[in-house]
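Open the model in a viewer and keep the selection panel at hand. The stops below go from a side-chain pair to the parts around it.

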Amino acid sequence: MLDQYAVFGNPISHSRSPFIHDCFARQQNQQMQYRAIEVALDSFAQAVSQFLQAEGKGLNVTVPFKEQAWSLAEQRTPRAERAGAVNTLWRDEQGRICGDNTDGVGLVNDLIHNNGVKLEGASLLMLGAGGAVRGVLQPLIEAGCRKIMIVNRTAEKAHALATHFSEILPSDQQLAAGGYEDLENTEAYDVIINGTSASLVGNLPPVNTSVVSANTLCYDMMYGTKPTAFCQWAIDHSAARAIDGLGMLVEQAAEAFLCWRGVRPETAPVIALLRQSLAHQ
Ligand code: ATR
């Protein structure tokens, strides 16, 4: 039997992960099968242990199970530990369930390697302070951003994240937090990342336009068949670039694949294929 992998989520029918991992497996000549499985909301722990005790070699985990996956993991990578969420599970040689969070490194790799963004020394504005943002802050700090400002509709959540991540902040970097009202009349940022779930329903976070200039790169962690509301906002305000999260999705998958199979797939052809398939929908 082929080595078995899956992504667990609810809902899951929209997931592109089987397409991405099938591409990686073919490209790297890996004998494996990857499926999307919808798990009942109250059965996640049971489903994971059944899958990993039987033929399953590894799992991806998506909404709404990433925090539960974190709790289930007996061993966690440092970046997963601080993220409070796990999107990749496997068993080690002693049979322990191990967890990693590859979302942040996926985002950073997409920014730096696929889009030529210089994060080192950059000023970065992060919109949102939910699970998705918590999942990516450590790799962004490690990439050397000079200043990260986290803003959120509920400002206390942004402050809590800043406090949590200040523990790993090098002394020459800044981490600040606030509400959207704190952005009034501030100067433009080098990079703005939308980590809110507003794009999912076509909404925009209430962000002041002074933060964007012709040198600002805007990145939405979401993606869709057409520009997200945030990417459209960036285009309308003449930002240098507007990039959606499709590359991040493929990069986080590549990091999970590396973790399970020990080989790193080429992501560029898979991003191009996925973009093509989205264009035909
Ligand atoms: P996720 O796992 O996608 O991060 P989450 O933890 O529920 O989901 O967080 C959603 C994030 O999007 C939060 O930062 C939320 O702001 P609040 O904490 O104030 O609720 C943000 N968000 C959702 N809809 C938004 C909107 N229309 N405008 C601004 N922020 C929004």
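Select Arg82 and Glu167: their side chains meet in a salt bridge, at 3.2 Å from N to O. A salt bridge here is a side-chain nitrogen of Lys or Arg within 4 Å of a carboxyl oxygen of Asp or Glu. This is a predicted model, in which local features need pLDDT of at least 70 and side-chain atom pairs count only at pLDDT 80 or more, while totals for chains, interfaces and linings use all residues. Residues are numbered from 1 along each chain as its sequence is written, and side-chain values use heavy atoms, with hydrogens and water left out.

**The domain interface**

Colour the chain by domain: domain 1 is 3-101 and domain 2 is 104-246, with bounds that come from an automatic or database domain assignment. Their centres, taken over C-alpha atoms, are separated by 27 Å.

Select Arg79, Arg82 and Ala83, which supply 70% of the area that domain 1 buries against domain 2, more than any other three residues.

How many salt bridges does the rule find across the interface of domain 1 and domain 2? It finds one. Residue pairs in polar contact between the domains, both residues at pLDDT 80 or more, number four. A polar contact is a pair of N or O atoms within 3.5 Å; within protein, one must be able to donate a hydrogen and the other to accept it, and residues adjacent in sequence count only if both atoms are side-chain atoms. Helices (H or I, at least four residues) and strands (E, at least two) are DSSP runs, numbered from the N terminus.

**The mixed sheet**

Switch to a cartoon view and find the open sheet of six strands in the order β2-β1-β3-β5-β6-β4, where the pairing is mixed. Two strands pair if DSSP finds at least two bridges between them. β2 (32-38) and β4 (75-76) are the edge strands, each pairing on one side only. Strand β1 (residues 3-9) runs parallel to β2, joined by seven bridges; within this pair, Ala6 stands opposite Arg35 of β2.

Axes are lines fitted to C-alpha atoms, for helices over the stretch in contact, and angles run from 0 to 180 degrees between N-to-C directions. Helix α10 (residues 246-261) lies across β1, β2, β3 and β5 (88-91), and runs at about 5° to β5.

Select Arg261 and Asp3, whose side chains form a salt bridge of 2.8 Å, N to O. Arg261 is in helix α10 and Asp3 in strand β1, so the pair ties together parts that are 258 residues apart in sequence. A search of the whole structure gives nine salt bridges.

**The loops**

Go to Asn10 and Pro11, which are joined by a cis peptide bond with omega about 5°; Pro11 is in the loop between β1 and α1. Another cis peptide bond joins Val63 and Pro64, with omega about 0°, and Pro64 is in the loop between β3 and α3 (66-72). Then select Asn29, in the loop between α1 and β2: Asn29 is not a glycine, yet its phi is positive, about 55°.

**The parallel sheet**

Last, find the open sheet of six strands in the order β9-β8-β7-β10-β11-β12, with parallel pairing. Its edge strands, each pairing on one side only, are β9 (174-178) and β12 (241-243). From one strand to the next the twist averages 15°. Five bridges join the parallel strands β7 (residues 123-127) and β8 (residues 147-151), and Ser123 has Lys147 in β8 as its bridge partner. Helix α9 (residues 229-236) packs on this sheet, touching β7, β10 (191-194), β11 (217-220) and β12, with its direction at about 165° to that of β11.

How values were computed
Contact means heavy atoms within 4.5 Å. Buried area is the accessible area (1.4 Å probe) that two parts lose on being put together, summed over both.
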